Amino acid sequence: MEVFLQQLINGLTLGSIYGLIAIGYTMVFGIIGMVNFSHGDVFMLSAFIALIFFMLIASFFGAAMIVLALIFVLVLAMFFTALWGWTIERLAYRPLRGSFRLAPLISAIGMSIFLMNFVQLVQGPRNKSTPPMLNKSITLIESATYSVQISYKQIVIIVTTAVLLAAFWYLVQKTPLGRAQRACEQDRKMAALLGVDVDRTISITFIMGAALAAVAGVMYLVLYGVVSFHDGFVPGVKAFTAAVLGGIGSLPGAVLGGLLIGLIEVMWSGYFSIDYKDVAAFCILAIVLVFMPSGILGRPEVEKV
Amino acid sequence: MTAPASTPAARERDLKAALKEAAFAALITFGLCIPIIAWGTRQNMDNVLVLDPRWDAVAWAVAIVFVGRFLVALRQQTKDKRKPMVRLLPHGTVGFFQRHSRLFSLFGLGFLVTFPIIAINLAGWSGALKWIDNFGVQILIYVMLGWGLNIVVGLAGLLDLGYVAFYAVGAYSYALLAKNFGLSFWILLPLSGILAAFWGMLLGFPVLRLRGDYLAIVTLAFGEIIRLVLINWVDFSGGYAGISGIPRPTFFGTPFNASDTGFAAKFGFEFSPLHRTIFLYYVILALALITAFVTLRLRRLPVGRAWEALREDEIACRSLGINTTNTKLTAFSIGAMFGGFAGSFFAARQGFISPESFVFMESATILAIVVLGGMGSLWGCAIAAIVMVGGTELLRELDWLKQVFGNEFDPTKYRMLLFGFAMVVIMIWKPRGLISTREPTAYLKEKKAISADMVQEGHG
């Protein structure tokens, strides 16, 4: 039981990160119907940006005020990653809007390869590790054989994710911007006719997706303390799995899917075999897509002739 | 970054607007560069991460973007909007090539057959090894893989991001069967093709209902699953270490070595390692040509026509009574079979395989070759393979760049970077591929000038 509880905490932490990345996939897929293949690499890039800012702040102010430093890093990483997200959309995807179905996907794969190699080139191929931070933890249940702990890192990650999700949910559900987004999602042409600036709305969607990926990147860095240039691919695919599992196009679905994927991965490595944890995630992706393509919270896709 | 306002009245150059554009682009570039280029991270002697400021690199990037954007903006102002931006080839070139495609095919074939001889004459016996192996064999493997995937993606319109799985199945089939049972290359070549086709069918079954992006992601997942199993099932596949000492192919039973029974001694040549390379070159050439031949023939068979119909419109296909299940499965398995052939050839050529050779990047490369070449076009695939693979191989040869940029400059580091960049640029420049002849081979009464897909994009 204690082991299960511990795994639950770990799974929720990991799942929060997947959920944050998954939102980027699900929003972009919802609005322009494309798998933004480079999103995983944007996440990786954001982790690098966060790493560099963290070290800059640490070298100026010392590592005394770690919480304040983290908030600074979070804001800066969100801003600069959003800039990357905007530029990528502007240069690689916008010219292909209205082109044939595969063109944006190919362009996104190219962008993914480009970003991965760009980071490798400018930051070197080795793993980059940060000095340890937030290492304390609280013991929840003490027993003779096993004690369940929740570390400060995990608390920070879960709380930040929850707060940001609430904020973004409010943004999409209650503001004019979110209304424009949902209108574009339903029918882009009609939205344009009714005075919604479709290009701008799509740009903002990419900016929001990238900003949330940056949050995930910072959290990833806090959790593992290490990042390398090829860390984008597997979390990217898993986050996509999460988006599909939750029902693509649905914001709460992405978070739910992320949490589920995180839990499944952690439970799988805890109880079965750590070697095959990625295989488990990929199998879930295949099974969900084949048997339940609309996901848990998604609307079934109506085929129009 | 935004499109410049160029009304016909203000045709003369508006320097101020162009400068504004350029300044905006430069500002964005500066923002993009800020953390990621401006500071490099490096482990110092105590294994602690330190930052190296690199503002000179940022300055260069910003300056290049500023000047480039300025020139582009000026060019756009003076250009008539209706004219295409660049025209590399004179009008009608593509049409000329298409009319005489048989002639060019023969010419290309002649060049390919005589390529080793040309290489030996130009580069000598020692220099030719690199050209035949790195360029000839390497490019032909990708041409063959491209043509194999072309059946799935180009003809049947099923986007497959896990094609490398079948390549891996072929390679591991050859490696394991040859090492454990001592079977020869010529028995295992068809056998690995059959095994790969079997796997193609097995993986094809569950994904039959999916289409488009979903299909792409599931095939990607399958490709990764196979690779992860190969990594983790150490007893079976050797894990990360891979399989080494795979028996090399023989000349129909005669090994390529310096012994008395070897190829050189038997035919009275002086021994040279080049013999095997040349032999391998002709084997892969034959395999690639078989792939092309089969593709061309299949397109004229009912199944090929069904593939093309499926690609154009699946719903119409079903309403006309075409069995889409069988059609998709044949496309998957035949495509996989050629991947398997290429895989077993790859294992025989390398003598060593490991899961590292079958990463997602390979699938992306092959898919890029098919799509950039123009889906469904054999010529396009071949040209794209030469450009993408040969082009990146050529980077290894650019030693003179070291004299320009200093000794640390290593062109090969930019290989994949340029590769990804080229994928994006070619997609934007020509979304339908370099050679876009995607016409159905079967048509009613007269060939329509524009295919259904183009009409959808608003060209019709």
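A crossing of two helices is called left-handed if the near helix is turned anticlockwise from the far one by less than a right angle, and right-handed if it is turned clockwise. Keep that in mind for the close-ups below, which come from a predicted model.

**Figure 1. Helix 9 of chain A passes helix 10 of chain A in a right-handed crossing.** Here we zoom in on helix 9 of chain A and helix 10 (residues 251–271) of chain A, whose axes lie 7 Å apart and meet at an angle of about 120°.

**Figure 2. Helix 1 of chain A packs against helix 8 of chain A in a left-handed crossing.** Helix 1 covers residues 2–32 of chain A and helix 8 covers residues 198–224 of chain A; their axes are 9 Å apart, at an angle of about 165°. With an angle like that, helix 1 of chain A counts as roughly antiparallel to helix 8 of chain A, because the cut-off is over 145 degrees. The contact between helix 1 of chain A and helix 8 of chain A has 19 nonpolar residues, four polar ones and no charged ones.

**Figure 3. A hairpin in chain A links strand 2 to strand 3.** Strand 2 (residues 137–141) of chain A and strand 3 (residues 148–151) of chain A run antiparallel, held to each other by four bridges. One pair to pick out is I141(A) with its bridge partner V148(A) in strand 3 of chain A. Six residues make the link from strand 2 of chain A to strand 3 of chain A.

**Figure 4. Where chain A touches chain B, 54 residues of chain A meet 53 residues of chain B.** Several elements of chain A give two or more residues to its side, among them helix 2 (39–61), helix 3 (66–93) and helix 11 (277–291). Which element of chain A gives the largest share? That would be helix 4 of chain A, with 15 residues. In terms of class, this side of chain A holds 39 nonpolar, nine polar and six charged residues.

**Figure 5. Helix 4 of chain A meets helix 14 of chain B in a left-handed crossing.** The axes of helix 4 of chain A and helix 14 (residues 360–373) of chain B are 11 Å apart, and the angle is about 135°. That makes the two helices, helix 4 of chain A and helix 14 of chain B, oblique. L102(A), I106(A), I109(A) and I113(A) come from helix 4 of chain A, while A364(B), A368(B) and V371(B) come from helix 14 of chain B. By class, the contact is made of seven nonpolar residues, with no polar and no charged ones.

**Figure 6. Strand 1 and strand 2 of chain B form a hairpin with five residues between them.** Strand 1 (residues 39–43) of chain B and strand 2 (residues 49–53) of chain B run antiparallel and share five bridges. W39(B) sits opposite P53(B) in strand 2 of chain B. In the turn, look for N47(B), which has a positive phi of about 65°.

Notes: Residues numbered from 1 in each chain as written. Chains lettered and ligands numbered in written order. Predicted model: local features only at pLDDT ≥ 70, side-chain atom pairs only at ≥ 80, totals over all residues. Contact = placed C-beta atoms within 7 Å. Nonpolar A, V, L, I, M, F, W, Y, C, P; charged D, E, K, R; others polar. Pairing = 2+ DSSP bridges. Axes fitted to C-alpha atoms, helices over the stretch in contact; angles between N-to-C directions. Parallel < 35°, antiparallel > 145°, perpendicular 65-115°, else oblique.
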